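Student: Could we go through this structure together, one question at a time?

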Amino acid sequence: MNTEKIAARRLSLEEVTKLGVKDKLFVSADTEELKLPDCFVPAFLTKPGEYFEGGSITARTVFQEEVSCLPDDENEAGIYVADESGPVTIEVLQSAGVVLDLALFVPGGDKGSLTALYAAVRQAFGADVVQIWRQGLKAVPDVKVDIFEEQIPRGRKASDSPKRDRRAIDTYPTRADFIEFSTGWKPVVEIHKPVVDDTPTI
């Protein structure tokens, strides 16, 4: 496990309420999925500490996990900041790398082109360094679509036509798998219709 020992001090609730969302802090790395007692991770508050209203403080770690805690609760790990003259030393979990979740379009998509792609990645970052953890291959139909998100009607009556926002124009339908749609909205995929300008010209 890759960790770094740093000098730090624990913040009181009053000190946490003075922090902003850009202030770097350290919270417990112990989660339901991964048990790492006495280990911390870099994080940032999800909203300024001044909005603390008696509930728990929520921070988002650099690993995109949200952690909630009560800073003054002695039974919890608490929130720390780096301090060279700090009274304690904490172990901070370091990043091992980055997992890329990409949608790559490979023309043709045969085995030879995919092998060449992986070889190029390994050559750029070092042999045996790049590992393919998950591979989802999907053939892309040769058709272009427009992707919208449409507001889900509420209530029994849907008197007005639903509101619609365009999310992607002239793209492949599989892109809809990678778009995060807003709460209360649903995806709508339609065959692409080129915009025709009927404005008279001289």
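Tutor: A word on terms before we start: a residue counts as buried when its relative accessible area is under 20%. Keep in mind, too, that this is a predicted model.

Student: Is Asp146 buried or exposed?
Tutor: Asp146 sits in strand β8, which covers residues 145-151. Its relative accessibility is 5%. The cut-off is under 20%, so Asp146 is buried.

Student: With which side chain does the side chain of Asp146 make a polar contact?
Tutor: Beyond its neighbours within four places in sequence, Asp146 touches several residues, including Arg166, Asp170, Glu190 and His192. A polar contact at 2.6 Å links the side chain of Asp146 to that of His192.

Student: How many disulfides does a search of the whole structure find?
Tutor: A disulfide requires two cysteine sulfur atoms within 2.5 Å. For Cys39, the nearest cysteine sulfur belongs to Cys69 and is 15 Å away. Cys39 is buried at 4% relative accessible area, and Cys69 is buried at 9%. Neither takes part in a disulfide, and the search of the whole structure gives a count of zero.

Student: Which parts does the aromatic pair of Phe40 and Tyr80 tie together?
Tutor: This is the one aromatic pair found in the whole structure. Phe40 belongs to strand β3 (residues 39-45) and Tyr80 to strand β6 (residues 80-82), so the pair ties together parts 40 residues apart in sequence: β3 and β6.

Notes
Residues numbered from 1 in each chain as written. Predicted model: local features only at pLDDT ≥ 70, side-chain atom pairs only at ≥ 80, totals over all residues. Heavy atoms only, no water. Phe/Tyr/Trp six-rings, centres within 6.5 Å; stacked < 30°, edge-to-face > 60°. Helix = DSSP H or I, 4+ residues; strand = E, 2+ residues; numbered from the N terminus. Buried < 20%, exposed > 50% of the residue type's maximum accessible area, 1.4 Å probe, protein only. Polar contact = N/O pair within 3.5 Å; in protein donor to acceptor, adjacent residues only side chain to side chain. Contact = heavy atoms within 4.5 Å.
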